Amino acid sequence: MYKVIISNETTKGQGGNALLHSTGSDQRLCKCGTRRMIGHLIIGQDGIMSTPAVSCVIRKLKAVGGIILTASHNPGGPNGDFGIKYNIASGGPAPEGITDKIFQISKSLTEYHICPDLKVDISKIGKQTFNVDTFKPLTVEIVDSVEAYAEMLRGIFDFHALKGLVSGANHIKVRLDAMHGVVGPYVKKIVCEELGAAADGAFNCVPKEDFGGHHPDPNLTYASDLVNAMKGGEYDLGAAFDGDGDRNMVLGKHGFFVNPSDSVAVIAANITCIPYFQKTGVKGLARSMPTSGALDNVAKALKMNLYETPTGWKFFGNLMDAGKLSLCGEESFGTGSDHIREKDGLWAVLAWMSILAHRKQSVEEIMKDHWNKFGRNFFTRYDYEEVDSDKANTMIKELEATMFDKSFVGQKFSSGDKSYEVAVSDNFAYTDPVDGSVSKNQGLRIVFSDGSRIIFRLSGTGSAGATVRLYIDSYEKDPAKIYGDPSKSFPSARRGRPGIWT
């Protein structure tokens, strides 16, 4: 009999389509679970549990896996997104080998059985046992959604130092925006109640099924309330989290923005500020291929192993399971480590708080010191959406013809007063060092001799058209230029829909 975790990122609703409410969705999964080889279901109180917490609980309780009902960082509610995600026993997303098998089996299903009269009270912590016509009684355990995750964080960070940072005699002022997603209760209990940060600095911490009608994506566009509040200079550290709690955005005083690619690089450069890594050491660093090379600069300077993977957290998880990776990140506001097998928004913010407590500098001072030491990667992404699929494919083929011509490598290009020489031109392919699996056609890369890059990725060929993503990563080490405005570094790309994290 198997043990399975069930979680949701939104609170129970009061109307509309019940399938989208945590209570309705969880109840349906319970009714289906009774008819299979599942003997123990674990559900967060009121159906609430963040994606990082699910990974934590799966690993702690040695469950066979977890089912996550999520809109992720997309709009939720009866008319919004609703997805079902399966995480395996390691706590990480199911790899393609498993999801492909699930899909193949789903095509042959002709019926499924449920226990229609089963009703579980998910508001009360404790175990409930039900006798159904399966091999053994079914145990449904309702757990505190926050405590297991908080216990894990206590073993990673120096909570005494963090408490001094946010509530001591010379404390900084923090503003955190949960964007009405699942991380709200975690912020309130861990940062406010346990660490002592002012409760009036925690905003939108009540989870709502439609995220309050907003888009719960922590970036400069959708977290504009936080950005505007930080610009006023009242707060020293600001952060926003997405709907399921695995993404984050960090801001300093006066709205100083920390690029996600820079964020993971700064954590890597200051990793010994975190007690967890003092104990485990640093096994390796990794980033997704489109993410800027800021982490590469740290890895090279500190002589750490670096892995460049395709987009997708499962690639990081494979390296972690093999003991090859400690810290990783991606340009789309995801940062994490081997403490679990998911990216972890609140963990990343506590990592920044640890650095602030140790270095006793502001976010901006830490970031500028970092650029002075390692150089700066000016980075942006542009999304060209709903492009005609045939024309997009034709463009990619023409790009390949130009890029793969033997004469292309070695060519020089200039932008303003800066010159770039092509060193590598390819369609990125990744051979997993753990299992030898190969992932091809992950994006066209033009890599220049100084580490600067231009990347093209094509995705989506549905009725709404394709999306072409253009990533520009320009490395600068001249001290006179590293503090420049990123938005002025890429004038030629302005015809497209500009990226929201320049």
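Let us begin with the open sheet: 4 strands form it, in the order 13-12-14-15, and the pairing is mixed. Strands here are DSSP runs of type E with at least two residues, helices are runs of H or I with at least four, and both are numbered from the N terminus. Two strands count as paired if DSSP finds at least two bridges between them. The model is a predicted one, in which local features need pLDDT of at least 70 and side-chain atom pairs count only at pLDDT 80 or more, while totals for chains, interfaces and linings use all residues. Residues are numbered from 1 along each chain as its sequence is written, and side-chain values use heavy atoms, with hydrogens and water left out.

Returning to the sheet, its edges are strand 13 (306-309) and strand 15 (334-337), each of which pairs on one side only. From one strand to the next, the twist averages 15°. Strand 12 (residues 285-288) runs parallel to strand 13 and is joined to it by 4 bridges. Within strand 12's pairing with strand 13, Ser288 stands opposite Thr309.

Which helices lie across these strands? Helix 8 (residues 260-269) lies across strand 12, strand 14 (327-330) and strand 15. Helix 11 (residues 313-321) lies across strand 12, strand 13, strand 14 and strand 15. Helix 8 runs at about 170° to strand 14, and for helix 11 the angle to strand 14 is also about 170°. Axes are lines fitted to C-alpha atoms, for helices over the stretch in contact, and angles run from 0 to 180 degrees between N-to-C directions.

A hairpin comes next. Strand 17 (residues 412-415) and strand 18 (residues 418-427) pair in the antiparallel sense over 4 bridges, with Lys412 opposite Glu421. There are 2 residues between the strands, and Gly416 takes a positive phi near 65°.

I turn to a pair of helices. The axes of helix 12 (residues 345-359) and helix 13 (residues 363-374) come within 10 Å and cross at roughly 85°. The two helices are therefore roughly perpendicular to each other, a label given to angles of 65 to 115 degrees, where under 35 is roughly parallel, over 145 roughly antiparallel and the rest oblique. Trp352, Ile355, Leu356 and Arg359 in helix 12 meet Val363, Ile366 and Asp369 in helix 13, contact being heavy atoms within 4.5 Å. By class, this contact has 5 nonpolar, no polar and 2 charged residues; Ala, Val, Leu, Ile, Met, Phe, Trp, Tyr, Cys and Pro count as nonpolar, Asp, Glu, Lys and Arg as charged, and the others, Gly among them, as polar.

Finally, two non-glycine residues with positive phi. Phe211, at about 55°, lies in the loop between strand 8 (202-203) and helix 7 (224-231). Lys303, near 55°, is in the loop between helix 10 (294-302) and strand 13. Is each buried or exposed? Phe211 counts as buried at 1% relative accessibility, whereas Lys303 is exposed at 79%. Buried means under 20% relative accessible area, exposed over 50%, and partly exposed in between, with a 1.4 Å probe and protein chains only.
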